[in-house]
Amino acid sequence: MAKQIINNPVIVLAGGTVSSSAQQCTISVNFDDTETTNFGSNGWHESINGLGGGTFSVEWQQDYASGGIDGVVWALATASPGTAAVVIRPAGTAAIGTSNPQYSFTVRVNGWNPIDSAVGDLATVKTSWPISRHSATVRDSVRTTPLTWGSQASVARRIRILIRIAAAA
């Protein structure tokens with residue numbers, strides 16, 4: 001398993017590159033456990049993935065200058081419907097592939113704390129926005145492994161289903 005240092009990611013928010021304003025980000029995607037236990041379960045609980053959801057969390061370095069992150073996010077947070085497309089590539093502008101997947105989704109910008117620091121600290125703002133129910137979290141990469149099994153298969157299947165739903169809408 002290759003190890004990778006994240007030192008030049010690309011983060012695009014609402015069509016603009018905001019990488020230089022972010023110092024940390026997390027994409028969390030999870031699914032409810034849907035109970036499927038039956039008489040044939042031999043006394044064990046069984047479940048499958050149910051409804052999905054996710055969040056996009058970022059720690060921003062605040063910038064109040066014209067065109068800075070404060071103005072960008074303030075405009076998104078106060079707009080209606082307050083959603084924004086997000087694209088992230090961990091290895092920057094390198095070609096999309098297994099070592100540089102591209103994650104694309106839409107978030108609902110439902111909050112912004114323009115001042116969130118103490119005296120003498122670097123001005124930072126932490127956000128955690130829900131991934132919109134109208135978007136699919138898509139992971140684009142070049143697949144090198146022919147088989148997927150276990151929980152990875154469930155997630156891969158769920159992502160394909162979400163893509164089909166988004167395409168049909």
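This note sets out a few points on the predicted model shown above.

1. Basis. Residues are numbered from 1 along each chain as its sequence is written, and side-chain values use heavy atoms, with hydrogens and water left out. As this is a predicted model, local features need pLDDT of at least 70 and side-chain atom pairs count only at pLDDT 80 or more, while totals for chains, interfaces and linings use all residues.

2. Overall fold. The protein chain contains 2 helices and 8 strands (DSSP runs numbered from the N terminus: helices are H or I with at least four residues, strands E with at least two). Along the sequence their pattern is β-β-β-β-α-β-β-β-β-α.

3. Burial. Of the 169 residues in the protein chain, 29% count as buried (buried means under 20% relative accessible area, exposed over 50%, partly exposed in between, with a 1.4 Å probe and protein chains only).

4. Trp 129. This residue belongs to strand β7 (residues 124-130). Trp 129 counts as buried because its relative accessible area is 1%. The C-alpha atoms of Trp 129 and Val 107 are 6.1 Å apart, although 22 residues separate the two along the chain.

5. Ser 104. Strand β6 (residues 102-108) holds Ser 104. Its relative accessibility is 18%, so Ser 104 is classed as buried. The side chains of Ser 104 and Gln 102 are joined by a polar contact of 3.5 Å (a pair of N or O atoms within 3.5 Å; within protein, one must be able to donate a hydrogen and the other to accept it, and residues adjacent in sequence count only if both atoms are side-chain atoms).

6. Glu 46. The loop between β3 (22-35) and β4 (47-61) contains Glu 46. Glu 46 is partly exposed because its relative accessibility is 35%.
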